[in-house]
Amino acid sequence: MRQADRVTAALLLAFAVAFSAGALKQYQWWGPGGPGPAFMPFWLGLVMALLAGMMLVRSIRQQHPGDAWLPRGEGLRDLLVVLAATIAFVALLNVTGMIIGTALYLLVLVRYLGRHRWWVTIAIALAAAGFNWLVFVHWLRVPMPEGKLWIF
């Protein structure tokens with residue numbers, strides 16, 4: 001586990017530095033009205049770099065090798081289901097759109113991983129998708145991928 005933590009921390013650190021540097025290179029740090037578009041991504045990258053650095057230091061100091069990197073048995077099966085559902089969600093985004101895709105994604109994961117009753121699963125999926133639509137599309141006016149199934 002230490003080796004996996006070291007590799008993960010190093011990759012996250014490199015990504016965080018590139019993220020912050022890219023924000024400063026591509027966008028304006030400060031504008032006439034205050035913080036520019038690079039302000040928030042820069043600080044997010046900086047915090048991410050700090051956390052990755054802390055993870056790297058902890059993995060170097062750790063004496064015990066830790067548990068296995070990948071789960072086995074049922075845990076591995078659950079991991080593969082989440083990975084497959086996420087890949088399908090992203091691959092079908094142009095067809096389903098963000099709101100319907102979110103509902104379908106949650107429908108699969110809540111039913112499979114949570115093993116809840118169907119009415120609970122459907123209620124959670126619809127509530128989460130509806131909340132996403134209400135906040136991002138309706139209130140904040142953020143354009144979301146609508147896909148070919150979106151009829152509203």
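This is a predicted model: local features need pLDDT of at least 70, side-chain atom pairs count only at pLDDT 80 or more; totals for chains, interfaces and linings use all residues.
A residue is called buried when its relative accessible area is under 20%, and exposed when that area is over 50%, with partly exposed residues in between. By this definition Thr121 counts as buried, because its relative accessibility is 0%.

Thr121 is found in helix α5. Apart from neighbours within four places in sequence, Thr121 is in contact with Leu107, Val110, Arg111 and His116. Val110 is itself one of the buried residues of α4, and α5 (118-139) is among the elements that cover the buried residues of that helix.

The chain may now be taken up at helix α1, which comprises residues 2-26. An α-helix has 3.6 residues a turn, so residues three or four places apart point the same way.

Met55 lies in helix α2 and touches Asp5, Thr8 and Ala9, when residues up to four places away in sequence are not counted. Met55 itself is partly exposed, because its relative accessible area is 21% and the buried class requires a value under 20%. The C-alpha atoms of Met55 and Leu12 are separated by 9.6 Å, although the two residues are 43 places apart along the chain.

A search of the whole structure finds two salt bridges, and one of them pairs Asp5 with Arg58, with 3.4 Å between the closest N and O atoms. This pair connects distant parts of the chain, since Asp5 is in helix α1 and Arg58 is in helix α2, 53 residues apart. Asp5 is buried, because its relative accessible area is 11%.

A straight helix of 22 residues would span 32 Å at 1.5 Å a residue, whereas the end C-alpha atoms of α4 are only 24 Å apart. Helix α4 contains a kink of about 80 degrees, centred on Ile99. Ile99 is buried, as are Leu93, Thr96, Gly97, Gly101, Thr102, Ala103, Leu109 and Val110. Helix α3 (74-91) is included in the cover over these residues, together with α5. Within α4, Thr96 has a relative accessible area of 8% and is therefore buried. Thr96 touches Gly101, Leu104, Glu146, Gly147 and Leu149, again leaving out residues up to four places away in sequence.

Just after α4, Arg115 takes a positive phi of about 55 degrees. The side chain of Arg115 meets that of Glu74 in a salt bridge of 3.6 Å, N to O. This pair likewise links distant parts of the chain, with Arg115 in the loop between α4 and α5 and Glu74 in helix α3, 41 residues apart.

How values were computed
Residues are numbered from 1 along each chain as its sequence is written. Side-chain values use heavy atoms; hydrogens and water are left out. Helices (H or I, at least four residues) and strands (E, at least two) are DSSP runs, numbered from the N terminus. The expected span of a helix is 1.5 Å times one less than its number of residues. The bend at a residue is the angle between axes fitted to the seven residues ending there and the seven starting there. Buried means under 20% relative accessible area, exposed over 50%, partly exposed in between (1.4 Å probe, protein chains only). Contact means heavy atoms within 4.5 Å. A salt bridge is a side-chain nitrogen of Lys or Arg within 4 Å of a carboxyl oxygen of Asp or Glu.
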